[in-house]
Amino acid sequence: RSSDLAMLAFVSAFFAELSSGESVLKQWADEPTGVLLTFVLFSAASLIPMMNGANREAFGPFSPKAEELNGRAAMIGFAALLIVEGVRGGQALF
């Protein structure tokens, strides 16, 4: 699901920037094949539970509604990260 991928993308971008000091756009330019392959693999893996009819029920604080909200926040955060880095001329935000 897109919310899972957005959360993964945001967390990955955050820690990759912290560890390397390079912006997301620079990292993508340096290794487009690896980024694309990772995206395709995680996209396929996120579809498997849906194809197997996995039941989305709440487990403690982890409810489908909370996951959806966190995913949307991650999508906004990742888009904002790309926009800010673009405005700053490709400099890493973190």
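1. Terms for burial. A residue is called buried under 20% relative accessible area, exposed over 50%, and partly exposed in between, with a 1.4 Å probe and protein chains only. Accessible areas come from the Shrake-Rupley method with a 1.4 Å probe, and for residues only the protein chains shown count as cover.

2. Basis. The model is predicted, so local features need pLDDT of at least 70 and side-chain atom pairs count only at pLDDT 80 or more, while totals for chains, interfaces and linings use all residues. Residues are numbered from 1 along each chain as its sequence is written, and side-chain values use heavy atoms, with hydrogens and water left out.

3. Overall fold. The chain has four helices and zero strands, in the order α-α-α-α along the sequence. Helices (H or I, at least four residues) and strands (E, at least two) are DSSP runs, numbered from the N terminus. The C-alpha trace spans about 45 × 25 × 20 Å along its principal axes. Of the 94 residues in the chain, 16% are buried.

4. Helix H4. This helix covers residues 64-87, and its 24 residues should span 34 Å at 1.5 Å a residue; the end C-alpha atoms are 34 Å apart, which agrees. The expected span is 1.5 Å times one less than the number of residues. Buried positions in H4 are Gly-71, Ala-74, Gly-77, Leu-81 and Glu-85. Just after the helix, Gly-89 has a positive phi of about 80 degrees.

5. How many salt bridges does the structure hold? There are two, a salt bridge being a side-chain nitrogen of Lys or Arg within 4 Å of a carboxyl oxygen of Asp or Glu. One of them joins Arg-72 and Glu-68, at 3.2 Å from N to O. These two residues are four apart in helix H4, and are therefore separated by about one helical turn. Arg-72 is partly exposed at 48% relative accessibility, and Glu-68 is also partly exposed, at 30%. Glu-68 has a further relation to record: its C-alpha atom is 10 Å from that of Ala-6, although the two residues are 62 residues apart along the chain.

6. Asp-30 pairs with Lys-26, with the closest N and O atoms 2.9 Å apart. Being four residues apart in helix H2, Asp-30 and Lys-26 are likewise separated by about one helical turn. Asp-30 counts as partly exposed at 41% relative accessibility, and Lys-26 does so at 40%. An α-helix has 3.6 residues a turn, so residues three or four places apart point the same way.

7. Largest pocket. Its volume is about 510 Å³. Of its 15 lining residues, Ala-9, Ser-12, Val-35, Thr-38 and Phe-78 are the closest to the centre. H1, H2 (24-30) and H3 (32-51) are the elements that give two or more residues to the lining. The largest share, seven residues, comes from H1. On a 1 Å grid over the protein atoms alone, a pocket is an open set of points where a 1.4 Å probe fits, with protein on both sides within 12 Å along at least five of seven lines; lining residues have an atom within 4 Å of a point. Grid points are joined across faces, edges and corners, and the volume is the space filled by probe spheres set on the points.

8. Nonpolar surface patch. Which residues form the nonpolar patch on the surface? They are Val-11, Phe-15 and Leu-18, with about 290 Å² of accessible area together. Phe-15 is in helix H1 (residues 2-20). Patch residues have over 30% relative accessible area and no salt bridge; nonpolar side chains (Val, Leu, Ile, Met, Phe, Trp, Tyr) are joined within 5 Å, and like charges within 9 Å.
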